[in-house]
Structure formats: structure tokens, C-alpha cells
Amino acid sequence: MPLDLLSVEKPARYMGGEMGTVAKHAADLRIALAFPDVYEVGMSHLGLRILYQILNALDGIAAERVYTPWPDMAAQMAAEQVSLATLETATPLAEADIIGFTLQYELSCTNILVMLGQAAIPLRAADRDQSWPLIIGGGPGSYNPEPLAPFFDAFLLGDGEEAVIEIANLVRDWKKSDSRNKQELLEKLSDIDGVYVPSFFVVDYHADGRVASVQALKPGCATVRRRFLPDIESAVFPDSPIIPFMKTIHDRVAIEVARGCTRGCRFCQAGYIYRPLRERSPQKISKLIETSLKNTGYEEISLLSLSTGDYSCIAPLLQELMARHANGRVAISLPSLRVGTLTAGLIDEIRKVRKTGFTLAPEAGSERMRRVINKGITEQDLLDGALNIYAAGWRSIKLYFMMGLPTETREDLQAIPELARQVKNQARRSGGQGEVNVAVSTFVPKPHTPFQWQRQLSLDETRERQRFLKDEMRRRKLNFKYQDAELSFMEGVFARGDRRLADVLERVVELGACFDGWNEHFSLPRWLQAFSECGIDPQWYLRERSTDELLPWDHLDAGIEKTFLLKELERAHAEAATPDCRFGACSNCGVCDFKLLSNRVLEAQELPSSPNTQTEMSYEIVQRRLRLRFSKTANIRYLSHLELINLFTRAVQRAGVPILYSQGFHPHPRFSFATATSVGVESQAEYFDMFVGNMGPDEALQRLNQVLPDGIAILEAAEVPLKAESLSPLIVATCYRITLPDYDPEQLKAQCVQFMAQDSWVLVRQKKGQQQTIDLRQETRELSANGSCLELTIGRGKAIELAAAVTGLSPDALKSAQIQKTSVIFVAY
């Protein structure tokens, strides 16, 4: 039975069919790229986009997407016994050859098990033979995947661009072979650099719970070293990505300018597991952005790296991008700016189109704590940066701190609100008013960092420090946000957990856990019940570890020497700095071999000036108003009005239609839509006006139809006077066709006659707490039955309301009705 998208909160999560989608209905190997979170989070993940393009470029290999259904959809799937399937071809997950999960966040572990359950796939790898899909994990969570190890066949540590091709080809060849033995397949997979097969390792424990040994069952494979991509310059990058119908978390062109970091912040796992630093050339970046903007229609560029301000060519790159795209109103955001790299020149470039947000991360409030964590910035660096931001016209800055860092004292904690207040004072120095939004998270020790041995705050300690900060922030009139103590607690347990936590995961999912990274769905009592039933004390995992203790992830080699991490821990307690190896001597972390693998840092360079690729339209010289009629059919009928506007906003950019923009702080394309049609209603008569430069209606129609997705098409276009009246007041009636499956035609005809014979039929609605009445009979211009179809013309009112009034059925009973808007009747214009 097909699922009812009208019954869920956001149908666009489940529709598929977006522009850029690759659907291969025939393939030798089908891979489901699974992101264990909701669609709009997963669609913002750059790594998944990269793998999608790489795999689908291979002949005979199909890569498809699947995300965790939100609870409303999950409930409907369970009720209808519908299995979780991919978006591209609706292939049930159990029929895929490989399911590749992205392990991005510890608290998404429950979603992984939920998705396997929704696909009716056995959770434990030991319970799956060769007839089931191969379950593989990758991403930052694979550097300690031990809590998930019993559920996975394999994990990929490190860069995936080359490894996924090797894995896909190996599994495809295995499928074609005479021997289809799963154990044989796993052995071959383990020979691929970076692939960890957990069933090939046996873990024993001491009586006190510590890991006693990790024994490799396969000779010569005592450790698994991460996979390295030596150079990202020639790496595949998705310049024609899928364009979601709905707003996603990061709704923009995202380009990775560099991978890795050399700063050495001692708390930062990403700074260690993504070493060495590899920069992409500004010429390549500019070319990728140019193509991506044309193919997507986005109006914002995000330059990604762990510290974008450290990118060697950031200043000339920004100047080049603004020269090319500013007139096209394309904004640039730098989401990971390091305080010390924020210059007045960078700020001036960013503000040329619109002021994207500024988040600065001092991490700690006191100079002492910043020495402990090797942050390498001073208080004055932060204040100077804030002053420049406020002086450039920004009114709000977000500051990010951590509490509970190793050796933290009450004085260090007190320094956080004091420093934040000083930042706010910089607004006054700049001659204006400003806000500071302070976000404080709880420090979680992560594997493969110098702090992997350190303790984490208990729940009570976290809550007490949060209360202290809350009072201090309120006293200084600062906006304050913090992560729930319970979420940080659970993140810490699983970040440094071992295989025994698998039992807890399985039990908590049985108790109903899902979307535990979302506050509204997380339940600490449910987790505590699962821990208790499994005989495990979660607090034990937050303890300080002895430096000679065998850690659950010690057999996984991230490339960093353990001796280096121990030295960094000693330097942290001595408050000693470790210089950035980008600028000085090698810090001997162990990653680089200085042959194939080493830091790839570009020489600072000026880029040749480029002409603008988009010409700004003159509002005074050229203005034309086009009126367009379009259809929305198939799944497009489930898009909301705002999602349709978003779709056309992207489409006009891709089509090269010279759309004009509103004035103001956030300019928008000048669209004017007629009254929105109800979600779920197909239509052949949707209308909107758009104000354009010198382009006629026929050319606009042709260009838009070339870039619009299936299910939506421009049917007519005409030019109207610039000062023509808006569309909605011109519509006097709307015509619908309502198909009622299995309805008696004679009964329907009689009911139409009976309804039209009445003088009045008043409907009472509740809208925003107020009662509204509408006389549906007086609003009905025409009504007839054509077989099992209602043909009607109505002034005000919804088609489904009139169908309910005529048939006597409730709106719920009419869910199977097919409603189509066939035309509208205008007053003369």
C-alpha cells in the first residue's frame, strides 16, 4: 500500500525526484548511502554528496540515498508494514548489496539500529549470511566504532574517495563469482587499506572492566591504519549535486578548500584524524564554484575547512569570488574562521553582498586555559576581531566556548562570561549597539587526541557549572545557550565506549529510542533503564584513563603516534605551546612520510582578475513583468507554497533568467504568486508573476522548462503591464475535478442535485483560535457528476470541503480522493 505523504509533517523528505538525482533501475551493484538522521540534516553532509557522485559515475553501480524517517512517517510505515527503501528507485534496503552508514555523531547510533529494523534486516552481523546486504560504516565515528562493532560487517577509516571504488568493485566481482561465501568476502575486504572488519578481532576484559587484550584473528593484521588521500586537488567533487525541494540545514554551495589542520588544538579530534593538511588550489575552487552555481541556482557559497581563515590564498580567493559573483547577489560564508585569521579585509569582502553570520570560537575564557588546549590565540586577538566585525556593520556575534576542559578552575569558568562581555563592549567602541550570543558545550574527551585519557564532567558537575554560567550571563545581559547535560553525558559514554555497549544500544532501541541527538526525543530514564538491565554503569566510561591502559580503539591507527599524543598531554599540563607545523619545524606526530604523504600547503598568490560572470540588472532601465501558468503533478503536489517558491528561486538562477530583486538587507527574487493551492492537490492552473530584465515570455518559458524537475512545467507565459494588479484579487472562482474511486456514479449524481437544491450549506471552521463560517452552497458556481468524478467551480472554500458536504463523508474518509485544479476564472485584466 502506498504511503500517505499528506499525513506527515514534511512530505519533501520522502519524495525523491529532485534535480540532480541519479536513478539507475538496472545495476550490477546497488549501494544504499544511509545517513542516520532526518533528510534535511543528511542532505547537508558533503561527504555523502561526494560518494554519491563517485559511485554513480561507475558503470553498473548505483548509489542511492536513505535517511531516518521522522516519527510520523515511521509510525505510518509500521502500521502499513512498509519496509524502508531508497529515494531513487524505492528499492527496499534489504535488497541492496551494500548499506553504507555515515557515522557522524555518537547519538545517532540508535537511528542506525532503527533503520535496520525498519528494513527487516537482522541487527547483528553474526546473524546475517551472504543473502543480506553488507553493512559498512565510515566517517569520524569509525575511529572508535566499538559500540557498533557487533552490528557492522566492516568500517572504513579515513578518506573514502578511492576506497569506496575498491570496495564496490570487490563486492561486484564477488557477486559474479561461483563462491558466494561471506567470510571469504570479509577477508578480501580486510586487505583493502583502511578497512576494519571487527569480527576479525576478539576483545577480552579485566575483572575491573578495562580492556585486557584485542587479539587479531587474521595473521599480520594486528592494527588497521586509516586510508589517506594524498592530494585533494584532483579528487572528485560534486559540482552538480542534488537540489532538495525543501530547505536543508546548509542550503548552499559548499566547497572544501582544504582538508586537515596543523594547529593542534588538543581537544579537537578532527584536527588529528584529518591530518595532514591538504589545500585545494584557488583556481580549482573558483572553477568548481562557477560550475556549481550554474547547476544549482544557489545564492550562497560556503568555503569549508577546519579553519578556513588559515587557507593560504583566502584573501585573493575571496576577492576573485566577489569580483565574479557579487553582482549576481551570491554571498560567501566562512563557517570555520579562526579568531586570529579574521582581518578587516576578509570582513569587508564578506559584507559586499549580505552579512552572513559570524561565529568566533575562543573555546576557553582564560589565557591559561587557551594555553592548556594549545588554542594559540589571545584575548586581544578576539577583541580586535570583534571590533572589526561590529565596525563593518554587524550587530550580532556568536561565541563558542567549552567548559570542563582538563585542569579547569572556577576562575577559568568565570572568565567565559567576562570575556563575552568584553566582546559585547566592542560594539560600543565601534559607535553602535551589538549583541553577543554565547554557546557553551561540555568538553567530551575524544579518541586519538591528547585528551583521550582525561575524565569528563559528571552529570551533576555539568549541571552545576551550567547554572553558574547562566546566572553570570544573565547578570551581564548576554544571550546564553548550552547543550543539555544529558546529551553530553551520553556522547561521552559512546565516544570512548567498547563493544559491551552494543547490548545497551539494542535494548534501548527495543524501549523506543530514536533521534537521541534531538532534545525532544531523548529520554535519559530510558537509557538508564537499558544500562541497568545490561548491568553496565555509564559513569564508568567518563573516568580518567591511565596512560598505560589499553584503550578500546588502540588497534585502530589514525596515523598519529601514541607517543606524540602522550607528549602533548604532558605539554598541556605544563601549559606549553606546540607550534603550528605549517610555519615551523615538524612536530613529529607521525602522519607524514614526506614522500607520498605530507602537508600540501600552497604558496600565497594573487589571482588574475576576472570579469563579472553575472550582470546586475538596472531597475530603472529594464523591467518586464511576466505572468506564467504552470502545472504541478505527481509528487510535486506535496510541496508546500514556500517550497515551491524555493524551487523557482533556484530554477531562475539555473535557467539564466534575469530575475530582479527586492531591495533591503536580504534581497529576494521578485515573485508574486497567486493564492496557494492546498498541499496534495494536483493542478494545471498555478499562476505567478515575476519581474525580469530584458527577456520575453517565450524565452523565459523555454529556459525554465529545461531546468525544472519532473512534475512541474510552465504551460503559458505572457507579458503584463508592470503595474498590473496582483494575481490573487483577480481570481473569482476555481475549477476542480475530484475523482472518488469506487463511488457509485448514480448516487454521486443524485447528491449533486440535492446539494444544489439547497439554499445554504454553512461550514464552520476553526482557524488560529477563531471561528470562521463559509456558505459553501452560495460559493458553489457549478457542480456536476461525471461518472465517479465531481466537476465543480467554487468561489471561496476548499475542494475537499465541498466534496465532504456533497457526499456526507468526512475529510479523513476522502483521503483516497484525487483532486485536480483544472482552471481558474479571472476578472478581466
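This report describes selected features of a predicted model, beginning with a pocket and ending with individual residues.

## The second largest pocket

The second largest pocket holds about 1,500 Å³ of space. Its lining is made up of 50 residues, and those that lie nearest the centre are Ser 678, Val 679, Val 681, Ile 800 and Ile 819.

Strand E24 gives the most to the lining, with seven residues.

## A buried helix

Helix H5 spans residues 109-118, and nine of its 10 residues are buried, so this helix is largely enclosed by the rest of the structure. The buried residues of H5 are Cys 109, Thr 110, Asn 111, Ile 112, Leu 113, Val 114, Met 115, Leu 116 and Gln 118. An α-helix has 3.6 residues a turn, so residues three or four places apart point the same way. After H5 comes Ala 120, which has a positive phi, near 60°.

## A parallel sheet and its helix

Four strands form an open sheet, arranged in the order E15-E16-E17-E18 with parallel pairing. Strand E15 (359-363) and strand E18 (479-482) stand at the edges; each has a single partner strand, so one side of each is left without a neighbour in the sheet. From one strand to the next, the twist averages 25°.

The pairing of strand E17 (residues 435-442) with E18 is in the parallel sense and extends over four bridges. Val 440 stands opposite Tyr 482, a residue of E18. Helix H15 (residues 459-475) packs on the sheet, where it touches strand E16 (396-403), E17 and E18. The direction of H15 makes about 170° with that of E18.

## Backbone features in loops

Most residues other than glycine have a negative phi, and most peptide bonds are trans. Several places in the model may be read against that background. The peptide bond from Arg 275 to Pro 276 is cis, with omega near 0°. Pro 276 is placed in the loop between helix H8 (269-273) and strand E12 (278-279).

Thr 407 has a positive phi, near 75°, and is found in the loop between E16 and helix H14 (410-429). Its relative accessibility is 32%, so Thr 407 counts as partly exposed. Glu 575 likewise has a positive phi, near 55°. Its place is in the loop between helix H19 (562-573) and strand E20 (624-632). With a relative accessibility of 28%, Glu 575 counts as partly exposed.

Arg 654 is found in helix H20 (residues 641-655). The cut-off for a buried residue is under 20% relative accessible area; at 15% relative accessibility, Arg 654 therefore counts as buried.

Arg 654 and Arg 703 are 49 residues apart in sequence, while the distance between them in space is 8.9 Å, C-alpha to C-alpha. When its neighbours within four places in sequence are left aside, Arg 654 is in contact with Met 19, Ile 243, Lys 294, Asn 295, Thr 296, Gly 297 and Val 707.

Technical notes. Residues are numbered from 1 along each chain as its sequence is written. This is a predicted model: local features need pLDDT of at least 70, side-chain atom pairs count only at pLDDT 80 or more; totals for chains, interfaces and linings use all residues. Side-chain values use heavy atoms; hydrogens and water are left out. On a 1 Å grid over the protein atoms alone, a cavity is a set of points where a 1.4 Å probe fits but cannot get out, and a pocket is an open set with protein on both sides within 12 Å along at least five of seven lines; lining residues have an atom within 4 Å of a point. Grid points are joined across faces, edges and corners, and a volume is the space filled by probe spheres set on the points. Helices (H or I, at least four residues) and strands (E, at least two) are DSSP runs, numbered from the N terminus. Buried means under 20% relative accessible area, exposed over 50%, partly exposed in between (1.4 Å probe, protein chains only). Two strands pair if DSSP finds at least two bridges between them. Axes are lines fitted to C-alpha atoms, for helices over the stretch in contact, and angles run from 0 to 180 degrees between N-to-C directions. Contact means heavy atoms within 4.5 Å.
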